[in-house]
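User: I'd like to go through this structure with you, one question at a time. Ready when you are.

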Amino acid sequence: MAELFYDDDADLSIIQSKKVAVIGYGSQGHAHALNLRDSGVDVTIGLREGSSSREKAENEGLKVLTVAEAVKQADVVMILAPDQAQRGLYASEIEPNLKSDAALFFAHGFNIRFGYIKPGAGHDVAMVAPKGPGHLVRREYVDGRGVPVIVAVEQDASGQAWALALSYAKAIGGLRAAGIKTTFTEETESDLFGEQAVLCGGASQLVQYGFETLTEAGYQPEVAYFEVLHELKLIVDLMIEGGIAKQRWSVSDTAEYGDYVSGPRVIDPHVKENMKAVLADIQSGAFAERFIADQDAGAPEFKELRAKGEAHPIEATGRELRKMFAWVKPSDSDYVEGSAA
Ligand code: NDP
Ligand code: MG
Ligand code: MG
């Protein structure tokens, strides 16, 4: 059984006695910074010159400095720039300005696990990773609840790294829900696997194949969209509430029987073999290497794949149909539909 932490297991005064620099003010950055501030923590935001996020942070009354200046004065540096930007940012702005005993915090283990960032021996290295997008992390906190976090310590230079990490986790509201103890390796590998094989890669491909199969057989795209994409949310909500069992309990007996006989036919044992190959590429570092090499070259493969995905016919069908769904409200005002196609 995993080791769990709650509010009573953490001492908020530890993080309240530190100066925290939050580097980046995006999805996670804004949520961590605002929750820390509202928990009575001294927070400074570190952003690059000309950052488009500066105004948002300043409008919240937060102190904004360059990354170098924010790091210089910090006891705890939480790095919340995109994973592919962290290595360069660490080498040029963070490492040269880091206090000798400052703690380095992450919300994902990618750069530590794959060796793109190698902190000196004097630094505590910890992870507090909310299991949800930043906008939810902020909304739950404001509503008096929290999004569960996973917590790990890679390097305990001070001997107090766990207490510090748990204090941070409490300050962003995570321990109101629960903290789960993990390691950088487990978090990084399982997170990449989950998003690639099931949540993002697997689910997207499954929906696209379902849509293609129906429309190629002559069914109307609008009807296909409803059946293979829109209703997915209803099914997933049931799974979240009560597992796969509750989903099967709620649907018709026809749907439940079809689930048993056709699910394993569509997702056959080859799929599990493919999943194992995906996991092996994650564990060996091959996926990380491919991602970072492409990013370093200006992301040509990434941009091409993104444009190809957005050009799939299901997107155009969905854009038209969603105009009829008054109840489907985008939760993120920054997203521009069709921007990469
Ligand atoms: P975002 O893409 O939302 O971060 C954008 C922020 O980083 C902006 O403030 C942006 O500022 C800044 N930034 C971008 N590029 C650079 C750069 N080269 N140098 C300095 N600052 C830069 O990131 P996320 O919040 O999605 O991810 C942050 C971390 O949290 C990652 O490690 C991620 O894996 C992890 N995480 C993310 C989750 C999520 O739901 N998004 C969930 C759990 C963990 P600018 O205006 O200058 O571009
Ligand atoms: Mg991830
Ligand atoms: Mg149906």
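Analyst: A word on pLDDT before we start: it is the predictor's confidence in each residue, from 0 to 100. We need it here because this is a predicted model.

User: Good. So what is the mean pLDDT of the protein?

Analyst: Of its residues, 96% reach 70 or more. The model also scores ipTM 0.97 and pTM 0.92. As for the average over the protein, the mean pLDDT is 96.

User: Which residues of the largest nonpolar core touch the most other members?

Analyst: That core holds 62 residues. Helix α8 gives the most to it, with seven. Apart from it lies another core of five residues, including Phe211 and Tyr225. In the largest one, the residues that touch the most other members are Val77, Phe105 and Val128.

User: Take Val77, then. Which residues is it in contact with, leaving aside neighbours within four places in sequence?

Analyst: Contact here takes C-beta atoms within 7 Å. With that cut-off, the partners of Val77 are Ala21, Ile23, Val71, Ile94, Leu98, Ala102, Leu104 and Phe105.

User: On to ligand 1. Which elements give two or more residues to the shell around it?

Analyst: The ligand is surrounded by 23 residues, and the closest are Gly24, Gly26, Ser51, Ala85 and His108. Looking at which elements give two or more residues to that shell, we get α2 (27-38), α5 (83-94) and β7.

User: And how many residues of that shell are charged?

Analyst: The shell around ligand 1 has eleven nonpolar residues and ten polar ones. That leaves the charged group, which numbers two.

User: Which elements do the buried residues of α10 pack against?

Analyst: Helix α10 covers residues 184-199, and its buried residues are Phe184, Glu187, Thr188, Asp191, Leu192, Phe193 and Ala197. Their packing partners are α6 (110-113), β7 (125-130), β8 (149-155), α11 (201-216), α15 (269-284) and α16 (286-296).

User: Why does Ala157 count as partly exposed?

Analyst: Ala157 sits in the loop between β8 and α8. A residue is buried at 20 or more C-beta neighbours within 10 Å and exposed at 12 or fewer. Ala157 falls in between because its count is 17.

User: What phi does Ala299 have?

Analyst: You'll find Ala299 in the loop between α16 and α17 (300-310). With 14 other C-beta atoms within 10 Å, it is partly exposed. Although Ala299 is not a glycine, its phi is positive, at about 60°.

User: Last one: which residues does Lys56 touch, not counting those up to four places away in sequence?

Analyst: Lys56 belongs to helix α3, residues 54-59. It counts as partly exposed, with 17 C-beta neighbours inside 10 Å. Cys200 is 144 residues away in sequence and 29 Å away in space, C-alpha to C-alpha. The residues that Lys56 touches are Tyr25 and His30.

Note on methods
Residues numbered from 1 in each chain as written. Chains lettered and ligands numbered in written order. Predicted model: local features only at pLDDT ≥ 70, side-chain atom pairs only at ≥ 80, totals over all residues. Helix = DSSP H or I, 4+ residues; strand = E, 2+ residues; numbered from the N terminus. Contact = placed C-beta atoms within 7 Å. Near = placed C-beta within 6 Å. Nonpolar A, V, L, I, M, F, W, Y, C, P; charged D, E, K, R; others polar. Core = buried A, V, L, I, M, F, W, Y, C linked by C-beta atoms within 7 Å.
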